[in-house]
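Biologist: Could you walk me through this one? I have not looked at it before, and I would like to take it slowly.

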Number of protein chains: 4
Amino acid sequence: MVQGTANWNTEQTAEWLQEYVDDWVKFYRKHTNEGNVASYIPLLKEVDPDLLGITIMGRNGMKISSGDIGQQFTLQSISKLLTFIVACMTRGISYVLNRVDVEPTGEAFNSIMHLELNELKKPFNPFVNAGAITVTSMLEGKTSDLKLEPIFELLEKMLGYRPSLNVDVYESERDSSMRNRAIGYYLLEIGFLESDLNITLETYFKQCSIDVTVDDLAKIGVILASDGVDPDTREEIIPRQVARIAKALMLTCGMYDASGKFATYVGVPAKSGVSGGIVAVAPPRVREENLPFLDGCGIGVFGPALDEKGNSIAGIRLLRHIASQWDLSIF
Amino acid sequence: MVQGTANWNTEQTAEWLQEYVDDWVKFYRKHTNEGNVASYIPLLKEVDPDLLGITIMGRNGMKISSGDIGQQFTLQSISKLLTFIVACMTRGISYVLNRVDVEPTGEAFNSIMHLELNELKKPFNPFVNAGAITVTSMLEGKTSDLKLEPIFELLEKMLGYRPSLNVDVYESERDSSMRNRAIGYYLLEIGFLESDLNITLETYFKQCSIDVTVDDLAKIGVILASDGVDPDTREEIIPRQVARIAKALMLTCGMYDASGKFATYVGVPAKSGVSGGIVAVAPPRVREENLPFLDGCGIGVFGPALDEKGNSIAGIRLLRHIASQWDLSIF
Amino acid sequence: MVQGTANWNTEQTAEWLQEYVDDWVKFYRKHTNEGNVASYIPLLKEVDPDLLGITIMGRNGMKISSGDIGQQFTLQSISKLLTFIVACMTRGISYVLNRVDVEPTGEAFNSIMHLELNELKKPFNPFVNAGAITVTSMLEGKTSDLKLEPIFELLEKMLGYRPSLNVDVYESERDSSMRNRAIGYYLLEIGFLESDLNITLETYFKQCSIDVTVDDLAKIGVILASDGVDPDTREEIIPRQVARIAKALMLTCGMYDASGKFATYVGVPAKSGVSGGIVAVAPPRVREENLPFLDGCGIGVFGPALDEKGNSIAGIRLLRHIASQWDLSIF
Amino acid sequence: MVQGTANWNTEQTAEWLQEYVDDWVKFYRKHTNEGNVASYIPLLKEVDPDLLGITIMGRNGMKISSGDIGQQFTLQSISKLLTFIVACMTRGISYVLNRVDVEPTGEAFNSIMHLELNELKKPFNPFVNAGAITVTSMLEGKTSDLKLEPIFELLEKMLGYRPSLNVDVYESERDSSMRNRAIGYYLLEIGFLESDLNITLETYFKQCSIDVTVDDLAKIGVILASDGVDPDTREEIIPRQVARIAKALMLTCGMYDASGKFATYVGVPAKSGVSGGIVAVAPPRVREENLPFLDGCGIGVFGPALDEKGNSIAGIRLLRHIASQWDLSIF
């Protein structure tokens, strides 16, 4: 299903691309059985592991979708990207970066050890849980709903609709995620939290439980590819500097402790979540002429079977294939 | 103030020992200003740092006390010793030791890191917080008061009176000890806890907040020196095997990450708490004839100014001096 | 001193840029006194800490140089980039990447701990010492000079002359770098080395001791900006895929454990050395029209006063300023 | 084979004890197949894994031996005990303890990590390799043979003969132990070594390669049980204070990272080596009347099949059984 006006090319070429993507989705769907759906949140375990869907949205308006694109799934760690953006927009970039570092850790996303190991002055980065919870604590408002409001407003501006909170996933997560409570109390003790722990965790579990689709992720991606401007309306939704810092973070820390491999083998800023979603950002490219998304695009992928690092196993392979075929790497 | 019948010696010698101990307490009290009272529990900060008191209670009935001996203080980590004993008595030694290891860690008592670092099957030992909370979770009963009951009963049997819970310290500790909550949630997540986390933590904070005196600690010590038998009544209060395992643990892990130095320089099983208390156990000795406590003794010390490891700074020096003068070391 | 034909602009604009850069170098030279020259290699300690020099070389032929540009300095860790490239060219990319990972570590460059901590199957990345020594061991040849030959050949092809080995620095390094010997023996024991340890270390110390200038680094940078092609001769010197992987690695791991901050605040692939050199790569950009190095450039910086992470303190600030003024960031 | 005059008992009882020990050795020999001989030193791999032998030597002169008692084996880590004693005797206790700590680590004996992890001022204890190599560097003399001389002299005094260096094991160890070289260079870099690294390592590998038998270990043990005095000759061979510190160290750190379990379940100071030897020390006991070695004894065990911590698997079980049957525990 190809939509939009492909300025760089004819309708026919778009159809031709669609066929390619359909083939690739079909091929990589077979890889889903090498991974497993997330088990640490009870409700996430119930999803069909064979699902795989993708939407690619060009800055030029071209859109290609393939596979299980109607499926809703929760943001999970992808929400860390949005919270970071909102915190920078509401508290200021320097306020946020004075309280959370931007260094990759080499450790798993839910590590507590690295906090103690290094007697840190601030968490390693906004995409490990310790850093993400710290960023969530910076959101303004006295209740979790007030804190979440600017996140929903940002999503509504970007997507054209207000996504829903998946209450079942939220409650499942709230009641099961003991590691995040452990991290929370640790952060509380060392004085990193900017607001009440319980409200911070409630907000964190809710932000993780917002329902989206691959179309939504692709739209978020294409706005980041445009440095925060919606390519359709030309409206600046995210300040340029925030969008660029977010992309730097995605590249160095976005794919858990496989971020280095993703940067090397795929080469685009991306952020994944344990629900199986990935948002990827391909900025405009200068070099080759004959490429479909030369002008930049956003990509949303969903494939709930995960590899051992917590990334969609088929999703990563599909992205690597597309990035290689269409030369999307920023390097 | 010397009491009891010193079988090995005359009343006069007892008075002569009293003078020595008075001198030593006077001398080591000057060392209190090199330490600091515990700061992490607000109420503990308010105590007078210059306090220093000691009671030595021989298996032969002789008792020497000196310094600030009327002062009450809370058990804090010394309670870990009692909880371990009660858990072994009610659940069985093998039940307990299957769920908590007995290895020194080399890390601080409140470390979370070592849990993650080693992907442990069980916490390192019952005297680091992670192990102690795990042991507390093994106590039977559905409320913290029911869980504590056998600890109070054991104390009543040993001391001849039922000590009180210091409610102010308990509440201060409950409301401030975020690191212990972090450890608790971590233990919950990896499946080490045997009962509800909140009730376990409530029990843990209460056991830490039981008020005692140096006389009480000396009595606990002398019972352990007698392998669990009260030397006055000849009643077995703690099973022999439990008492001996407890002493082994005290020697290898009882003085936080200074346990090795204490074993080397003092050489007796001991357990300290951040309130400034230390209970030490000198078992019967065979060698030299001319020693006051040849037949074994228990020692209670209180000195709230702590060294950097969390042990009473003057208390350790006083114990080292006495152990050296009277050859108390088990080695 | 501006040379070359600035296609995008007139000679006058080039002069105008030169003035800017001269001002910036003058300004940031004052920052050198906030850092310290490397102390762990005796000979490096003798250099003047106030030095600061830069060369910017555009793919369009424009060249701007300012400050202490005649100064020679040794490659140090910048050589890790060259060794990695040569190993990929001679052994194949997959051979190399099967034996060294590409993940940032969060630890200092000379850490041994992270090897033991994670029971690694391979070193974290080619830019920490453990990974770099492993890569050096992959170079072919039975002596250090044979192993180094392809590195010198690559440099000669890129620079138009064969740089010299600084024998004094090499000997100083060989005789003082005990940590690297410790790492080497550790690697030997766990079976990561592909050739004799002593020859590997000799090669490693020699590769670190090759003398270059900021002009040389700028030239290396502009070739990487061109995906391995010399923009002057159009000759492909480094295979395109190798050049792109190298740039991904530079971005995620090139600036020691400040790589994340460099990616966020400067945003270009770069590699630094403790001699105070930095090579940075700004690829072609699509967006704004009015930028001097829109078509991409390489940058060489030299400033031996280092920050606590081991990067040139004034060099990083100068690069950050230029990247911000001319919008060089790849994000 | 029982020798000596069993003061506490008749010859008949001694024969009766011999039968018991023979039975136990027979029984625990079956446990050897649950372990593996050390593999990291090539020559050690060649030994018969089923071997098991023991000698118990009482302060009262009674001696019981059973199993493969003629077998020679190298001291390996047991030499760390002797080097520590010699260093204390020649350099002074405070000199040694100012340069090496006495804390258990919780980590494996060959860990480098714990050095880096804690930015140590001195190695954790004399029985991890880092600490042992540091202690060896304190021995006086400009060659390894000069450094070893006082160790051989001490052994000769204790054993009545001068044991030999096993040159094959020494060379095998020198040529294969890369981890120890890694540790050595690390120690050199952080400034812990008191003499040349190569000579220190040569000395270290030689001290590990001294051949002994279970009789020898039992004799060393019984001298330590007598606080340094040879019970036969009444000569003081090791100063009392050194002997007692050595026993404290054996208890807290002597059995690698199973020292806590050994203290708890066996309860006597002991030191093991990866060749399968263990020397254990049972000091005089006061309590029960009816025990064969009430007056203290030394025990030598040899069983080259090791458990995962590096201790003789059958040896530990045999010791635990004997300690339990004869109540040898110091607790």
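Biologist: How many salt bridges are there between chain B and chain D?

Modeller: The count between chain B and chain D is 8 salt bridges, where a salt bridge is a side-chain nitrogen of Lys or Arg within 4 Å of a carboxyl oxygen of Asp or Glu. Please keep in mind that this is a predicted model, in which local features need pLDDT of at least 70 and side-chain atom pairs count only at pLDDT 80 or more, while totals for chains, interfaces and linings use all residues. Residues are numbered from 1 along each chain as its sequence is written, chains are lettered from A and ligands numbered from 1 in the order in which they are written, and side-chain values use heavy atoms, with hydrogens and water left out.

Biologist: Which residue does B:Arg244 meet in a salt bridge?

Modeller: The side chain of B:Arg244 forms a salt bridge with that of D:Asp327, at 2.5 Å from N to O.

Biologist: And how many residues of chain B are in contact with chain D?

Modeller: On the chain B side 39 residues are in contact with 39 residues of chain D, contact meaning heavy atoms within 4.5 Å. The two chains bury about 3100 Å² between them, and carbon and sulfur atoms give 57% of that; buried area here is the accessible area (1.4 Å probe) that two parts lose on being put together, summed over both. Within chain B, the residues that lose the most area to chain D are B:Arg244, B:Thr264 and B:Phe331, which together make up 20% of what that side buries.

Biologist: How many residue pairs are in polar contact there, and what supplies the chain B side?

Modeller: Between chain B and chain D there are 16 residue pairs in polar contact, both residues being at pLDDT 80 or more. A polar contact is a pair of N or O atoms within 3.5 Å; within protein, one must be able to donate a hydrogen and the other to accept it, and residues adjacent in sequence count only if both atoms are side-chain atoms. On the side of chain B that touches chain D, α4 (113-117), α11 (240-253) and α12 (259-265) each supply at least two residues, and α11(B) gives the most, with 7 residues. Helices are DSSP runs of H or I with at least four residues, strands are runs of E with at least two, and both are numbered from the N terminus.

Biologist: Switching to the other pair, how many residues does the contact take from chain C and chain A?

Modeller: That contact takes 38 residues from chain C and 38 residues from chain A. Chain C and chain A bury about 3100 Å², with 57% of it on carbon and sulfur atoms, and there are 8 salt bridges across their interface. One of the side-chain salt bridges joins C:Arg240 and A:Asp327, at 3.1 Å from N to O.

Biologist: New topic: which residues does the UniProt "binding site" annotation cover?

Modeller: According to the unreviewed UniProt entry, the annotation covers A:Ser77, A:Asn129, A:Glu173, A:Asn180, A:Tyr204, A:Tyr256 and A:Val274. UniProt positions are given in the numbering used here, feature names are shortened, and annotations may be inferred rather than shown by experiment.

Biologist: Is A:Glu173 buried or exposed?

Modeller: A:Glu173 counts as buried because its relative accessible area is 2%, and buried means under 20%, exposed over 50% and partly exposed in between (1.4 Å probe, protein chains only). A:Glu173 sits in helix α7 (residues 167-176) of chain A, and, apart from neighbours within four places in sequence, A:Glu173 is in contact with A:Ile41, A:Gln76, A:Phe205, A:Cys208 and A:Ser209.

Biologist: Where does A:Asn180 lie, and what does its side chain join in a polar contact?

Modeller: A:Asn180 belongs to helix α8 (residues 178-189) of chain A, and its side chain makes a polar contact of 2.7 Å with that of A:Ser177. A:Asn180 is buried as well, at a relative accessible area of 3%.

Biologist: And D:Asn98, buried or exposed?

Modeller: D:Asn98 is exposed, since its relative accessible area is 55%, and D:Asn98 is placed in the loop between α3 (93-97) and α4 (113-117) of chain D.
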